[in-house]
Amino acid sequence: ALAPSKDVFWSSSDEPGYPSKYTPQDPKHFPYVREDHPALEAALATLSAGPVSPGDGVGMTNKSLIMCSCNEDGTLLKPSWPATPVDSYFSARAGISTEGPE
């Protein structure tokens, strides 16, 4: 069976040296990149029931954050069912009121 997954994320907000040849002063070639919410990204990856894929540079991994996704032996924690948007999300996106009768 296929399971949902989340794309690679950084477990640290800043990754010095990435992108190596572009800087915040040169946004036309590549915007300055940072991970604003690494804990949220790690939680979403874990709750997806798919692989947890930190993509940090060598020596940049936040080990304590990544280890929140697994047991001490490295076995990934997985929910019984992957996290999915709730019905009210889809209703709101479709412009349907989810409030009951008045």
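This is a predicted model: local features need pLDDT of at least 70, side-chain atom pairs count only at pLDDT 80 or more; totals for chains, interfaces and linings use all residues.
Two residues are in contact when heavy atoms of each lie within 4.5 Å. Leaving aside its neighbours within four places in sequence, I66 is in contact with F9, S11, P54 and T61.

Now step back to the whole chain. The chain has 102 residues, and 23% of them count as buried. It holds 3 helices and 0 strands. Along the sequence, the pattern reads α-α-α. Consider the contacts with a separation of 6 or more: residues 24 or more positions apart account for 68% of them. The chain exposes about 7,700 Å². Carbon and sulfur atoms supply 57% of that area.

Which residues make up the largest nonpolar core? They are F9, A42, A45, V52, L65 and I66, 6 residues in all. Helices α1 (38-47) and α2 are the elements that give two or more residues to this core. In soluble globular proteins, nonpolar side chains tend to be buried together.

Is S69 buried or exposed? S69 counts as buried because its relative accessible area is 2%, and the cut-off for buried is under 20%. Not counting residues up to four places away in sequence, S69 touches A42, T46, V52, T75, L76 and L77.

C68 is exposed, because its relative accessible area is 55%. C70 has 12% relative accessibility, so it counts as buried.

Charge comes next. Side chains of opposite charge can pair when their charged atoms come close. A search of the whole structure finds 1 salt bridge. E41 forms it with K6, and the closest N and O atoms are 2.7 Å apart. E41 lies in helix α1 and K6 in the segment before α1, so the pair ties together parts that are 35 residues apart in sequence. E41 is buried, because its relative accessible area is 18%.

Another glutamate, E15, lies in the segment before α1. E15 is buried, because its relative accessible area is 7%. Its contacts, not counting residues up to four places away in sequence, are W10, D56, G57 and M60. E15 and R34 are 19 residues apart in sequence. In space, they are 7.0 Å apart, C-alpha to C-alpha.

V86 is found in the loop between α2 (63-66) and α3 (87-93). V86 counts as exposed because its relative accessibility is 54%, and the cut-off for exposed is over 50%.

How values were computed: Residues are numbered from 1 along each chain as its sequence is written. Side-chain values use heavy atoms; hydrogens and water are left out. Helices (H or I, at least four residues) and strands (E, at least two) are DSSP runs, numbered from the N terminus. Buried means under 20% relative accessible area, exposed over 50%, partly exposed in between (1.4 Å probe, protein chains only). A nonpolar core is a set of buried Ala, Val, Leu, Ile, Met, Phe, Trp, Tyr and Cys residues joined through side-chain atoms within 4.5 Å. Accessible areas come from the Shrake-Rupley method with a 1.4 Å probe; for residues, only the protein chains shown count as cover. A salt bridge is a side-chain nitrogen of Lys or Arg within 4 Å of a carboxyl oxygen of Asp or Glu.
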